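Please keep the model open beside them as you read.

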Amino acid sequence: MNYELIECVPNFSEGRRPKVISQIAAAVKSVEGVKLLHVDIGYDANRTVITFAGGPEAVCEAAFRAAKAAGELIDMSQHHGEHPRIGATDVLPLVPVSGITLEECALLARQLACRMADELNIPCYLYEAAALKPEHRNLADCRKGEYEALQQKLSEPDLAPDIIPRQPLPTALRTGISVVGARNFLLAVNFNLNTRSAEKATEIARLIRQSGYKGKPGTLRAAKAIGWYMEEYGCAQVSMNLCDLHETSLHHAYEEVRRQAEILDLRVTGTEIIGLVPLETILAAGRHFVGDAETTEEMLITTAVKSLGLDAVRPFRPEEKILERMLQGIHNS
């Protein structure tokens with residue numbers, strides 16, 4: 001069993017077309033043995049996270065079909081959004097859950113990238129555990145310049161994707177480049193601030209992210225962060241990827257964003273988890289807020305939801321957002 005996450009970047013610029021997303025999701029569901037776990041739409045980010053799981057062969061087939069659908073439905077030359085992006089299927093990480101190793105997922109990712117290049121004419125970078133070059137291990141390095149640098153990336157050997165079709169153009173002008181890889185679970189989370197200032201959100205992000213700013217490291221380990229304004233919510237957000245939840249937990253990240261916000265006379269007004277979250281991450285947050293009090297699993301979940309403000313943007317339904325509960329149907333089948 002392995003758990004895969006594919007992030008597609010739908011183009012909503014022409015009336016914000018939800019049909020694009022439903023067609024990509026339908027491509028995933030068309031593969032027997034794959035369960036579609038979650039579809040998380042970000043309208044202002046112009047980005048959708050589609051999460052699905054199943055056996056290795058089935059998941060790779062579903063990922064290929066999703067990439068094919070995205071390439072046919074999304075024209076990157078017309079795409080704009082708040083989130084950094086480089087392709088219609090922007091990033092496609094294979095994530096092991098059980099019965100498969102990270103190294104095996106890396107091999108599958110390389111095979112998938114080759115198939116996408118051969119059959120769909122989509123150039124691909126290989127990142128994280130599947131990386132062939134150290135400089136491509138980091139997703140941000142692969143995305144540098146974003147879609148607008150596509151022709152430069154295809155023409156300069158030092159910038160080129162790892163897998164390039166024999167004739168990438170003109171197809172790649174529409175699909176962009178995909179970043180395919182293998183990694184352990186990553187939590188994507190956005191913290192809402194009571195301000196519209198993207199500059200203040202960016203200031204907080206620079207102070208806390210591991211890479212820091214201007215040579216000074218940030219306060220959190222294993223964390224990436226940027227700041228932006230989300231018109232959909234009417235507020236600025238600190239948008240984070242928590243790459244190792246043992247190093248930086250969800251509640252630790254929340255408390256640090258809250259601390260830095262207070263220095264700027266701001267407040268964190270809610271937390272938005274993109275995609276799914278492991279049960280232990282939510283339970284650890286609940287334990288953090290209740291302290292030593294005796295309580296049940298369900299009460300810990302309720303405490304975490306209320307204390308972090310996980311239902312500030314939209315209802316947080318544990319049966320739809322907690323990874324293990326979404327995977328139960330697969331393990332029991």
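1. Let me begin with a helix pair: α2 and α3 make a right-handed crossing, where right-handed means that the near helix is turned clockwise from the far one by less than a right angle, and left-handed that it is turned anticlockwise. Helix α2 covers residues 56-73 and helix α3 residues 102-120; their axes come within 11 Å and cross at roughly 35°. Axes here are lines fitted to C-alpha atoms, for helices over the stretch in contact, with angles running from 0 to 180 degrees between N-to-C directions. Helices (H or I, at least four residues) and strands (E, at least two) are DSSP runs, numbered from the N terminus.

2. A word on the source: this is a predicted model, in which local features need pLDDT of at least 70 and side-chain atom pairs count only at pLDDT 80 or more, while totals for chains, interfaces and linings use all residues. Residues are numbered from 1 along each chain as its sequence is written, and side-chain values use heavy atoms, leaving out hydrogens and water.

3. Which residues make the contact between α2 and α3? From α2 come Pro-56, Cys-60, Glu-61, Ala-63, Phe-64, Ala-67 and Lys-68, and from α3 Leu-108, Leu-112, Arg-115, Met-116, Glu-119 and Leu-120; contact means heavy atoms within 4.5 Å. By class, there are nine nonpolar, no polar and four charged residues in this contact. Nonpolar covers Ala, Val, Leu, Ile, Met, Phe, Trp, Tyr, Cys and Pro, charged covers Asp, Glu, Lys and Arg, and the others, Gly among them, are polar.

4. If you are wondering about disulfides, the whole structure has zero, a disulfide being a pair of cysteine sulfur atoms within 2.5 Å. For Cys-60, the closest cysteine sulfur is that of Cys-105, 7.9 Å away and too far for a bond. Cys-60 is buried at 12% relative accessibility, and Cys-235 is buried at 8%. Buried means under 20% relative accessible area, exposed over 50%, and partly exposed in between (1.4 Å probe, protein chains only).

5. Now for some prolines. Pro-123 sits in the loop between α3 and β5 (124-128) and is buried, with a relative accessible area of 0%. Beyond its neighbours within four places in sequence, Pro-123 has contacts that include Leu-154, Pro-161, Ile-163 and Pro-168. The C-alpha atoms of Pro-123 and Pro-168 are 6.8 Å apart, although 45 residues separate them along the chain.

6. Please also check the peptide bond from Leu-169 to Pro-170, which is cis with omega near 5°. Pro-170 lies in the loop between α5 (150-155) and α6 (171-175).

7. Lastly, which backbone angle is positive at Glu-128? Glu-128 has a positive phi of about 50° although it is not a glycine; it belongs to strand β5 and is partly exposed at 23%. Ala-222, also not a glycine, has a positive phi of about 55°. Ala-222 lies in the loop between α7 and β8 (223-230) and is buried at 13% relative accessibility.
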